[in-house]
Amino acid sequence: MKGPVAPKDPTDKRPCLYVVLDKTISGTKEKDGVCRDYVYLEGRIKDQVKFTSGDIEEDILEMLPRMETFRQLVHSVGVSVNALETEDRGDEVEFQFQCYGKTDKYTTGTIMEMTCPCNGEEMVVAVDAYPVNKDDDQFGSFNFIFPKENRNMSLTVKFYLNDGYEVPEIQVDPPVAFDTQEYQDMIADSLVSTGNNYRLKKVIEKAKRGEEVTLAYIGGSITQGAGAKPINTHCYAYRSYQAFCQMFAPEDAGHIHYVKAGVGGTPSELGMIRYDRDVTEDGRVVPDLVVIEFAVNDEGDETKGICFESLVRKVLEAPNEPAVLLNFAVFMNDQNLQTRLQPIGERYELPMVSVKDAIVPQFEKSNVITKRQYFYDIYHPTNDGHRIMADCIANLFDVVDKEDMAWEDISMDKEPVYGIQFKDIVRFDRKDAEQYAEITQLGYGAKDTEIQYVERNMDLTPSPEFADNWMNDGTVKNAEFRMKITCKNLVAVIKDSGSSEFGTADILVDGKLVKSINPLDNGWAHCNPQIIIDEKESAEHEVLFRMKNGDEGKRFTILGFGVTA
């Protein structure tokens with residue numbers, strides 16, 4: 001960091017930090033009918049700027065997350081939006097830069113906003129145009145409101161710096177070298193193993209014969225399509241499904257079906273509970289191939305691999321004997337949980353691909369794609385990144401197609417790597433709870449509608465996850481939820497929230513406190529699975545949810561449960 005220098009009044013001559021550079025945004029219609037997109041910044045803004053702008057001094061990065069020091073550093077925010085289609089360049093997008101509040105996360109912080117034409121013209125808002133707000137906490141997101149749904153725009157956001165601060169100029173990346181031998185070599189490096197190809201070869205042969213085939217994808221936000229614009233057609237799941245259709249049914253792929261069941265911010269601990277309803281629709285859909293992607297989400301798996309292995313076995317043991325493909329995604333810090341999960345794939349001789357193995361070794365050389373081009377933010381791929389993930393899977397399809405079929409199927413008579421006690425887990429919620437448990441409640445009569453919504457299959461309109469829930473809306477003092485259930489394992493799915501109206505609940509099993517869950521710990525509305533009972537033998541238990549002392553007037557939502565008898 002340098003000392004004061006001569007003033008530079010014109011904004012275009014000020015040094016700047018790039019937060020977003022030529023990234024695609026695209027409005028998706030939300031349940032209120034408004035088309036929105038977001039770039040999330042909470043806990044990410046330093047890394048976001050660092051990977052976009054390059055080598056920035058740490059003391060400058062430390063000033064970014066909170067408004068007090070941000071005001072010292074940043075003079076103004078420049079935003080340019082350029083429609084990718086000529087007919088949209090007369091439109092306008094509403095831009096908001098939201099700082100979360102201390103009192104109420106979403107309403108009491110400063111929101112800097114302006115209208116941006118979609119013709120690439122940069123609009124600038126001065127930070128000091130907004131008065132100091134003592135309730136400002138940390139920055140949360142860039143928000144965009146679009147006049148029309150599903151219209152792709154290129155976005156660049158800059159932070160112009162106050163006098164006295166200098167940063168290096170950004171280095172422009174060359175175009176991604178897709179049509180090169182180097183790219184093909186990189187994709188080939190993603191192939192971890194074709195495993196025992198017996199099941200996958202059967203799926204390919206079915207497709208070639210024109211028989212009904214269903215490809216299903218389950219995972220976290222990357223499988224949901226985060227970073228892909230539009231999310232339904234440019235996500236890696238749909239693009240690899242398209243590749244499968246083009247490879248094995250190029251004339252007519254009407255018999256090849258597609259299921260996408262990604263839910264952002266969730267581990268395989270939730271995936272194993274969701275599988276029957278979100279993938280098979282309680283038996284109405286019979287997938288032939290299931291791609292499982294939790295390599296960047298399973299840090300939150302309490303069992304450190306048992307839940308993932310339980311999901312794998314749950315799928316493999318289905319009556320129609322589907323193929324399973326493990327897909328190892330990667331975060332911007334080059335990390336995933338492949339080391340933990342790959343031994344499961346090896347034990348069951350599964351086909352596996354790793355985008356980490358493909359892209360991370362070449363990032364330093366940047367001879368194919370840079371991190372800035374691959375990542376939309378510090379977690380999710382851009383359209384180019386999703387294309388690479390899809391190409392990695394397509395490469396595996398191609399290699400397997402050229403191989404001879406294994407003599408016999410994989411054996412299920414194998415000792416687990418970590419454990420499989422959750423493989424027979426069944427989901428239940430308010431709609432069917434009486435089949436599994438005896439429930440009495442006081443104050444949990446409401447249904448929470450402010451829950452996690454996700455885009456499923458080809459839908460652009462998100463649909464709710466765990467809509468049939470139990471909500472303590474805070475109106476009943478000493479609210480409690482009591483359940484008698486006979487089981488070996490019980491997983492409660494709790495709603496996390498960013499609203500201060502939610503409070504901590506104690507969970508007791510047979511009168512003993514087993515967990516205290518604070519929905520504000522993660523800070524945003526999503527599904528949070530928590531293991532409540534994990535025993536070797538089935539027994540009758542009484543489970544009680546009650547608000548912690550001091551939070552009796554707060555809200556709490558139980559989304560559903562997973563149970564093994």
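Glu535 counts as partly exposed, at 37% relative accessibility; on this scale buried means under 20% relative accessible area, exposed over 50%, and partly exposed whatever falls in between (1.4 Å probe, protein chains only). The model is a predicted one, so to speak of local features takes pLDDT of at least 70 and side-chain atom pairs count only at pLDDT 80 or more, while totals for chains, interfaces and linings use all residues. Residues are numbered from 1 along each chain as its sequence is written, and side-chain values use heavy atoms, with hydrogens and water left out.

Glu535 sits in strand β24, strands being DSSP runs of E with at least two residues and helices runs of H or I with at least four, numbered from the N terminus. Together with Glu438, Asp510, Asp534 and Glu540, Glu535 makes up a surface patch of negative charge. Members of such a patch have over 30% relative accessible area and no salt bridge, and like charges are joined within 9 Å, with Asp and Glu counted as negative and the charge placed at CG of Asp or CD of Glu. Strand β24 (residues 526–547) supplies the largest share of the patch, 3 residues.

Next come the salt bridges, 47 of them in the structure, each defined as a side-chain nitrogen of Lys or Arg within 4 Å of a carboxyl oxygen of Asp or Glu. Asp32 pairs with Arg36, with 2.9 Å between the closest N and O atoms, and Asp32 is partly exposed at 47%. Asp173 and Arg372 form another bridge, their closest N and O atoms 3.0 Å apart. Asp173 lies in the loop between β9 (152–161) and α4 (181–188) and Arg372 in helix α13 (residues 371–374), so this pair ties together parts 199 residues apart in sequence. Asp173 is partly exposed at 25%, whereas Arg372 is buried at 10%.

Lys314 and Asp276 also meet in a salt bridge, at 3.2 Å from N to O. Lys314 is buried at 13%, while Asp276 is partly exposed at 27%. Elsewhere, salt bridges join up into a network whose members include Arg274, Asp282, Arg427 and Glu465.

As for disulfides (a pair of cysteine sulfur atoms within 2.5 Å), the count is 0. For Cys235, the nearest cysteine sulfur belongs to Cys245, 13 Å away, and Cys235 is buried at 0%. Cys487 is likewise in no disulfide, with the sulfur of Cys307 nearest at 15 Å; Cys487 is buried, with a relative accessible area of 0%.

Methods. Patches are made of residues with over 30% relative accessible area and no salt bridge: like charges are joined within 9 Å, nonpolar side chains (Val, Leu, Ile, Met, Phe, Trp, Tyr) within 5 Å. Accessible areas come from the Shrake-Rupley method with a 1.4 Å probe; for residues, only the protein chains shown count as cover.
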